[in-house]
Amino acid sequence: MNDLTMRLNGLTKTYLKGTPGEVQVLRGVDLELRAGEAVALVAPSGAGKSTLLHIAGLLDKPDEGSVEIAGQNVAGRGDRTRTALRRQDVGFVYQFHHLLPEFTALENITLPQLANGVSEKAAQDRAMALLDRVGVAARAKHRPAALSGGEQQRVAFCRALANKPRVLLADEPTGNLDPETSDQVFGALMSLVRDAGLSALIATHNMDLAARMDRKLRLEAGVLKPVE
Ligand SMILES: Nc1ncnc2c1ncn2[C@@H]1O[C@H](COP(=O)(O)OP(=O)(O)OP(=O)(O)O)[C@@H](O)[C@H]1O
């Protein structure tokens with residue numbers, strides 16, 4: 001069975017090439033993500049975590065190397081194709097929720113599905129099922145400002161999974177929350193990931209959370225290494 005969802009091969013990235021400010025951030029990053037696994041990405045500040053997540057999520061291009069999603073090399077495709085693939089195959093979660101403030105929790109999860117051609121009824125049903133799964137169905141009609149930080153982040157997780165991506169990329173998804181809320185909200189994220197059977201690459205400085213994932217990788221000196 002080929003359950004590989006994403007393969008990163010030989011990724012390099014240098015900023016400000018040929019100038020005194022040149023920074024060689026990625027020097028040959030290789031990574032294989034399998035369906036159903038959650039991988040912790042641990043990196044000292046400035047090591048290139050955001051650069052790596054942006055390239056894996058097709059928001060940026062590597063200088064060299066490939067990004068394969070479900071067996072297709074997609075890194076070098078045109079902007080429109082990469083945008084379409086990103087919408088369909090990749091979900092993002094950031095440290096701050098980035099929900100649209102003028103829309104309800106339900107609408108924030110429904111809208112990306114409508115943009116992908118899903119019917120309104122089906123989109124709402126899926127949104128409610130996701131909200132229910134993370135324990136915030138009762139807050140479906142609230143706008144983000146009327147939700148707690150933990151609730152906002154749970155809604156953001158549901159939005160990231162709305163279009164059934166193959167891969168979830170998260171950058172400190174609970175970094176903005178107090179330790180107890182962070183612990184609970186991370187549990188909600190992991191149950192969504194396990195239910196959906198997708199791959200998750202989750203950047204975190206929190207080693208307790210990292211320990212709850214299937215494996216841990218450290219980004220250091222431009223390459224990924226397993227953490228024991
Ligand atoms: N557009 C850019 N132009 C020039 N240098 C950049 C650019 N983006 C990032 N860098 C540099 O590349 C390095 C890695 O940046 P990146 O944002 O990927 O790190 P990070 O690991 O996400 O950091 P943090 O955890 O502090 O957010 C840093 O030294 C940063 O200053």
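The model is predicted: local features need pLDDT of at least 70, side-chain atom pairs count only at pLDDT 80 or more, and totals for chains, interfaces and linings use all residues. Residues are numbered from 1 along each chain as its sequence is written.

Next, select β4 (residues 64-69), which is joined to β5 by two bridges in the antiparallel sense. Glu 68 has Asn 73 of β5 as its bridge partner.

**The ligand**

Which residues surround the ligand? Select Tyr 15, Leu 16, Val 23, Val 25, Ala 43, Ser 45, Gly 46, Ala 47, Gly 48, Lys 49, Ser 50 and Thr 51; a residue counts as near if its C-beta atom, placed from the backbone, lies within 6 Å of the molecule. This shell has six nonpolar, five polar and one charged residues, where Ala, Val, Leu, Ile, Met, Phe, Trp, Tyr, Cys and Pro count as nonpolar, Asp, Glu, Lys and Arg as charged, and the others, Gly among them, as polar. Both β2 (23-34) and α1 (49-56) supply at least two residues of the shell, and α1 gives the most, with three.

**Helices α3 and α4**

Select α3 (residues 105-115) and α4 (residues 120-133), which pack at about 130° with their axes 9 Å apart; axes are lines fitted to C-alpha atoms, for helices over the stretch in contact, and angles run from 0 to 180 degrees between N-to-C directions. This makes α3 oblique to α4, since angles under 35 degrees count as roughly parallel, over 145 as roughly antiparallel, 65 to 115 as roughly perpendicular and the rest as oblique.

**Helices α5 and α6**

Finally, select α5 (residues 149-161) and α6 (residues 179-196), whose axes come within 10 Å and cross at roughly 15°. The two helices are therefore roughly parallel. Residues in contact, with C-beta atoms placed from the backbone within 7 Å, include Phe 157 of α5 and Leu 189 of α6. By class, this contact has seven nonpolar, five polar and one charged residues.

Notes
Helix = DSSP H or I, 4+ residues; strand = E, 2+ residues; numbered from the N terminus. Pairing = 2+ DSSP bridges. Contact = placed C-beta atoms within 7 Å.
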